[in-house]
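Please look over the sequence and the model shown below before reading on.

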Amino acid sequence: PETPVAAIEHRGPPHLEYETSKKLIEWRIQHRLSPANHRTYGVHYTDPQSVAPAEHRVDFCVTYDQVVQPNPQGVINRTIPANRCAVARHLGSRSHNGAAVYLYREWLPNSGEVLGNFPIFFHYVNVGPNIQEQDMITDVYLPLK
């Protein structure tokens, strides 16, 4: 379904993504948006393996159905549009997402489906400082026409 979110835009090298995400975490804490009640997403406009580091783009998002007021972190309103998607779950570290690779390289070419008009996005099912890499759960959504 269409999902309103508060987002922070990351532009630049992938190794700096965590610095960007910390700004969203700070904003999220200030607004008391717990991970239990507000989903966390990453909208990946580029594949960091196939673009120059300076051209890499991803938005980190948290579900939020209010107007984001101007803030020092740079968080803004965005919407993840309603999509028909292929979905796969990745278990483990988010540094290499095997589910995304599978959807693009194996599933899509054999499915007869066509990519949609919105980029791949990840739902980070469990987030927080106490989540160990081996326990991370990420649902990958590949929008389709």
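This is a predicted model: local features need pLDDT of at least 70, side-chain atom pairs count only at pLDDT 80 or more; totals for chains, interfaces and linings use all residues.

## Terms and basis

Two strands are said to pair if DSSP finds at least two bridges between them, and helices (H or I, at least four residues) and strands (E, at least two) are DSSP runs, numbered from the N terminus.

Residues are numbered from 1 along each chain as its sequence is written, and side-chain values use heavy atoms, with hydrogens and water left out.

## The sheet

Strands of a sheet pair through backbone hydrogen bonds, either parallel or antiparallel. Here seven strands form an open sheet in the order 4-1-3-2-6-7-5, and the pairing is antiparallel. Strand 4 (76-80) and strand 5 (84-91) are the edge strands, each of them pairing on one side only. From one strand to the next the twist averages 30°, where axes are lines fitted to C-alpha atoms, for helices over the stretch in contact, and angles run from 0 to 180 degrees between N-to-C directions.

Several of these pairings can be followed bridge by bridge. Strand 2 and strand 3 (residues 57-63) run antiparallel and are joined by five bridges, and Tyr41 has Cys61 of strand 3 opposite it. Strand 7 is joined to strand 5 by eight bridges and to strand 6 by four bridges, and both pairs run antiparallel. Leu91 stands opposite Ile137 in strand 7. Because seven of the eight residues of strand 7 (residues 137-144) are buried (under 20% relative accessible area, with exposed meaning over 50% and partly exposed in between, for a 1.4 Å probe and protein chains only), this strand is largely enclosed by the rest of the structure.

## Residues in strands and loops

Thr40 is found in strand 2, and with a relative accessible area of 12% it is buried. The C-alpha atoms of Thr40 and Tyr18 are separated by 14 Å, and these residues lie 22 residues apart along the chain.

What is the phi of Arg32? Arg32 has a positive phi of about 55° although it is not a glycine; Arg32 lies in the loop between helix 1 and strand 2, and its relative accessible area of 74% makes it exposed. Gln66, in the loop between strand 3 and strand 4, is partly exposed at 48% relative accessibility. Although Gln66 and Val5 are 61 residues apart in sequence, their C-alpha atoms are 8.6 Å apart in space.

## Cysteines

If a disulfide is taken as a pair of cysteine sulfur atoms within 2.5 Å, the count comes to zero disulfides. Cys61 is in no disulfide, and the nearest cysteine sulfur, that of Cys85, is 14 Å away. Cys85 is likewise in no disulfide, its nearest cysteine sulfur being that of Cys61. Cys61 is buried, at 2% relative accessibility, whereas Cys85 is partly exposed, with a relative accessible area of 23%.

## The pockets

Pockets are found on a 1 Å grid over the protein atoms alone: a pocket is an open set of points where a 1.4 Å probe fits, with protein on both sides within 12 Å along at least five of seven lines, whereas a cavity is a set from which the probe cannot get out, and lining residues have an atom within 4 Å of a point. Grid points are joined across faces, edges and corners, and a volume is the space filled by probe spheres set on the points. The largest pocket holds about 1500 Å³ of space. It is lined by 40 residues, and those closest to its centre are Glu17, His44, Phe60, Arg94 and Tyr124. At least two lining residues come from each of helix 1 (17-30), strand 2 (40-44), helix 2 (98-111) and strand 6 (121-124), and helix 1 gives the most, with seven residues.

For the classes, Ala, Val, Leu, Ile, Met, Phe, Trp, Tyr, Cys and Pro count as nonpolar, Asp, Glu, Lys and Arg as charged, and the others, Gly among them, as polar. The lining of the largest pocket has 20 nonpolar, 13 polar and seven charged residues. The second largest pocket, with about 220 Å³ of space, is lined by 15 residues, of which Pro1, Thr3, Arg39, Tyr41 and Phe121 lie nearest its centre; by class, this lining has ten nonpolar, three polar and two charged residues.
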